[in-house]
Amino acid sequence: MTDTWCSSGGLTLEGNFVSTGGFQGGANTVRYLDSCVGCKWREYPTALAAPRWYSTQAQLADGRFIVVGGRDAQSFEYIPPEGQHNAQPFFFDFLKQTLDPEENNLYPFVFLSTDSNVFIFANNRSVLLNPATNQVVKEFPVLPGGHRNYPASGMSVILPIRDPAKPVPAEVLVCGGSAHIDSYSKAEKNVFYEALEDCGRIRITDPNPVWKRELMPSPRIMGDMMLLPTGEVLILNGAMRGASGWGFAREPNFTPVLYTPRAKLGFRFRQLAPTTIPRMYHSSTVVLPDGRVMVAGSNTNNGYIYDSMFPTELRVEKFSPPYLDPALADSRPEIVNAAAIAQLGYNGKITVQVKAKPAAMILFNLKVTISVPGFSTHGVTMNQRLIMLGLESVNPTAGQPGVFDLAVVTPPNSAVAPTGYYMLSVVYQGVPSQAVWVQIK
């Protein structure tokens, strides 16, 4: 019953949906929807102490959710237990400092670091917040080049976490946005600045982290960034000029880009087959268990309007990354013991049984990854996370020709992999299996 426009969300340990904020009467609301058939929404319109319109929600190592920022909300707070209400938020001077006349710090990029602290990026600055003390424990260098958050909407992910490295490093990638502080107000006057073409990458767990910059093949604002089961990053949607807002962008960016984090600098970006459908303001994406990416939305208009320059878009596409090339179908492994690995604990070992065509599976050509299904809106996919699990050995399964036992190490703790549901994939020679659902607790 409450307005979810420009809200935030995530999934609980049990896989149930928690939604926060929205517009006007929905701005202070927390909503719950369980996954059972016939379940009804439960809504608490005064649960949050501050209005959360264009805020970001992220899960913490202890299972709680933090909600950061929003229009006229230079603060953060934690979702209270169901039925309870927060008396007041925590004032966050960092959001006041990063606010400019165009805002440019809405929908901040928020990621749980592997040390249980919270990385928060707004506009062109970032800090590390300790959720136990509610104090900033580190401030990172300014990312030069411009502005990266709504309405100068760039894109960001926490890159695949490679476990069991000790200590577990965490690295963040931020791409696109606008070089101009006034891109929003200028677009209102039909001046559409070219978007940023650069990316910044920083290892947030280093003692003295620095941004390393590189160039995408084309400028992009309002794009989407998705972590694929292979550990690659897919960049798609958005525009090459303007800003977020109704009618405030031009030149759709039709061409998806694949980013390979571990490739040599200068060889990380690869352009893929373009779409013909503009996906700009209000587009969204989600990675599916079969490895495809569902792409939907784009409404650059105030309402459902179909005779405009960029009509309200109701078509849905499923994008197939290069690993789903039919020529690679024989290389695709299949997980055959999904029920046996449905429940995972921390710092343990499991055996993943995989059916594959080759007579032998080679360890260095294998990866086992788990990824969180994210909440996607406005070019931000909240809680998106991918962990590459430790792989100790691969051996033929006794009495089952063509099946192999993979000895896999589970994540060490909930700072690396928060509790909840993940899609587990086996990747062989760059081709992922159909994912199976696992729950970590």
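I began with the second largest cavity, which holds about 70 Å³ of space. The elements that give two or more residues to its lining are strand E5 (56-59), strand E9 (109-112) and strand E32 (380-382). The model is predicted, so I noted its limits: local features need pLDDT of at least 70, side-chain atom pairs count only at pLDDT 80 or more, and totals for chains, interfaces and linings use all residues. Residues are numbered from 1 along each chain as its sequence is written, and side-chain values use heavy atoms, without hydrogens or water.

**Entry 1. Cavities**

A cavity is a set of points on a 1 Å grid over the protein atoms alone where a 1.4 Å probe fits but cannot get out, with lining residues having an atom within 4 Å of a point. Points are joined across faces, edges and corners, and a volume is the space filled by probe spheres set on them. Strands (E, at least two residues) and helices (H or I, at least four) are DSSP runs numbered from the N terminus.

I counted 5 cavities of 30 Å³ or more by this rule. The largest cavity has a volume of about 90 Å³. I found 13 residues in its lining, with Met226, Val287, Val372, Gly374 and Gln384 nearest the centre. Strand E18 (224-227), strand E24 (283-287) and strand E30 (366-372) each give two or more residues to this lining. The most comes from E24, with 3 residues.

I returned to the second largest cavity and listed its lining, which includes Thr56, Gln57, Phe109, Phe111, Ser156, Val380, Met382 and Asn383. By class, I recorded 6 nonpolar, 6 polar and no charged residues there.

**Entry 2. Annotated span**

I looked up the UniProt record, an unreviewed entry, which annotates residues 332-440 as "domain: Galactose oxidase-like Early set". UniProt positions follow the numbering used here, feature names are shortened, and annotations may be inferred rather than shown by experiment. In the model, I found this span to be 0% helix and 53% strand, with its end C-alpha atoms 25 Å apart.

**Entry 3. Asn237**

I placed Asn237 in the loop between strand E19 (233-236) and strand E20 (239-242). Is Asn237 buried or exposed? Asn237 is buried, because its relative accessible area is 6% (buried is under 20%, exposed over 50%, partly exposed in between; 1.4 Å probe, protein chains only). Its side chain makes a polar contact of 2.9 Å with the side chain of Asp224. A polar contact is a pair of N or O atoms within 3.5 Å; within protein, one must be able to donate a hydrogen and the other to accept it, and residues adjacent in sequence count only if both atoms are side-chain atoms. Setting aside residues up to four places away in sequence, I listed the contacts of Asn237 (heavy atoms within 4.5 Å); among them are Arg220, Asp224, Asn253, Arg279 and Val295.

I found Thr377 in strand E31 (residues 375-377). Thr377 is buried, with a relative accessible area of 14%. Its side chain is joined to that of His378 by a polar contact of 2.7 Å. Not counting residues up to four places away in sequence, Thr377 touches Ser7, Tyr107 and Met382. I also noted Gly9, which is 368 residues away along the chain while the two C-alpha atoms are separated by 9.5 Å.

Asn337 lies in the loop between strand E27 (334-335) and strand E28 (343-344). I recorded Asn337 as buried, at 10% relative accessible area. The side chain of Asn337 reaches the backbone nitrogen of Gln353 at 2.9 Å. Beyond neighbours within four places in sequence, Asn337 is in contact with Thr351, Val352 and Gln353.

**Entry 4. Glu188**

Glu188 belongs to helix H2 (residues 183-188). I found Glu188 exposed, with a relative accessible area of 54%. Glu188 and Ala249 are 61 residues apart in sequence, with their C-alpha atoms 9.6 Å apart.

**Entry 5. Backbone geometry**

Most residues other than glycine have a negative phi, and most peptide bonds are trans. I noted a cis peptide bond between Tyr150 and Pro151, with omega about 5°. Pro151 is in the loop between strand E12 (135-139) and strand E13 (155-158). Asn134 has a positive phi of about 65° although it is not a glycine; I placed Asn134 in the loop between strand E11 (125-130) and E12. For Asn237 I read a positive phi near 70°.

Note on methods
1 Å grid on protein atoms, 1.4 Å probe; cavity = no way out; pocket = protein on both sides within 12 Å on 5 of 7 lines; lining within 4 Å. Nonpolar A, V, L, I, M, F, W, Y, C, P; charged D, E, K, R; others polar.
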